[in-house]
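Hi everyone, thanks for coming. Let me put the structure up, and then we'll walk through how its pieces pack.

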Amino acid sequence: MSNHTNHRMNEVLRKIQEEALKQIKEATGLDSLNDVRVQKLGKKGELTAIMKNMRELPPEERPAFGQMVNSVRKEIETAMEEKKQSLAAIARQMQLQSETIDVTLPAKKTGLGHRHPNSIALEEVERIFVGMGYEVVDGPEVEKDYYNFEALNIPANHPAKDEQDTFYITKDILLRTQTSGVQVHSMEKGKLPIRMIAPGRVFRADELDATHSPNFHQVEGLVIDKHVTFADLKGTLAEFARQLFGKDTKVKFRPHHFPFTEPSAEVDVTCFKCGGKGCRMCKGEGWIEILGCGMVHPHVLEMSGIDPDEYQGFAFGVGLERIAMLKYEIDDMHHLYENDIRFLKQF
Ligand code: DAH
């Protein structure tokens, strides 16, 4: 009987051992390994159960059987420990493979920004005038009423003030409506002669539409010297137009009125698209208006402390957006302010 029991229990133990080693060998992760531990070695596991069953054996056989159970337990534990380490090694290997950096791959391109059409147009305008010996100067965007209007011969009740109604900070301080005020700052410095352009942001209480914006840019130009005539003005702006729009470009001076220049003119250029024949670009006119200009009004010179009998000058003002829109055939001013990268990338 005892022999038979012994035999049966040995058989069970051998099965446990065999099955455990097989399961350990086949385990694919720590989870399945833990299942084996619980199932075979745990408090309610198969080895614990077989130990309890030792009571069925004759007392003299129990120690030997107990030792056998213990050595099976040890064997399973060792196998589990080894498997654990090999699983860890595999995991590490996989991690290393997945995190491999191929240093020979071409680098990712970082998206470089793109210059705005306004900036490109401004650089072009600056290049042309710097080439003619002009200095590029800066002026304040928040300006005194005096510089924006008064000193430019636009007194308090002048109707031109209405046309350019603006954003007032106080009664006397405003966001400039034109870059012309920079002329006054330059003249007041008292260093003559002057050859300068002043690009910058201007503000007007205008509604936003295809050709207007409450915030846009101008480039102001001013030359003060002895013996400056309207012919100098014409020659300068004709050269500017040729450099900007092409060497066959012609200019036309139409009489106009600006309070700060006398005489004053608006300048048209022959359409660079059709050469003057008339097309969609120039609305069939053959000419496109690009700027305002004139001989600096003697009163304006006087107010800034320059003797008009000794010095004369000419001035002009260009809308930068207008130049950019013409040059790059942009049909709506909105595009210039929306900063849509798909639009900006085209220039
Ligand atoms: N400031 C004028 C404007 O905003 C443009 C202008 C016209 C500027 C004639 C000038 C000039 O310097 O002489 O409409």
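So, is the crossing of helix 5 and helix 9 left-handed or right-handed? It's right-handed, where right-handed means the near helix is turned clockwise from the far one by less than a right angle, and left-handed means anticlockwise.

Quick background: this is a predicted model, with local features needing pLDDT of at least 70 and side-chain atom pairs pLDDT 80 or more, while totals for chains, interfaces and linings use all residues. Residues are numbered from 1 along each chain as its sequence is written, and side-chain values use heavy atoms, leaving out hydrogens and water. Helices (H or I, at least four residues) and strands (E, at least two) are DSSP runs, numbered from the N terminus.

Back to our pair. Helix 5, residues 117-131, and helix 9, residues 230-245, pack at about 135°, axes 10 Å apart. Axes are lines fitted to C-alpha atoms, for helices over the stretch in contact, and angles run from 0 to 180 degrees between N-to-C directions. That makes helix 5 oblique to helix 9; under 35 degrees is roughly parallel, over 145 roughly antiparallel, 65 to 115 roughly perpendicular, and the rest oblique.

Now helix 2, residues 30-41, and helix 4, residues 62-98: they pack at about 170°, axes 11 Å apart. They're therefore roughly antiparallel.

Last, the sheet: seven strands, open, in the order 1-4-5-9-8-7-6, with mixed pairing. Strands pair if DSSP finds at least two bridges between them. Strand 1 and strand 6 are the edges.
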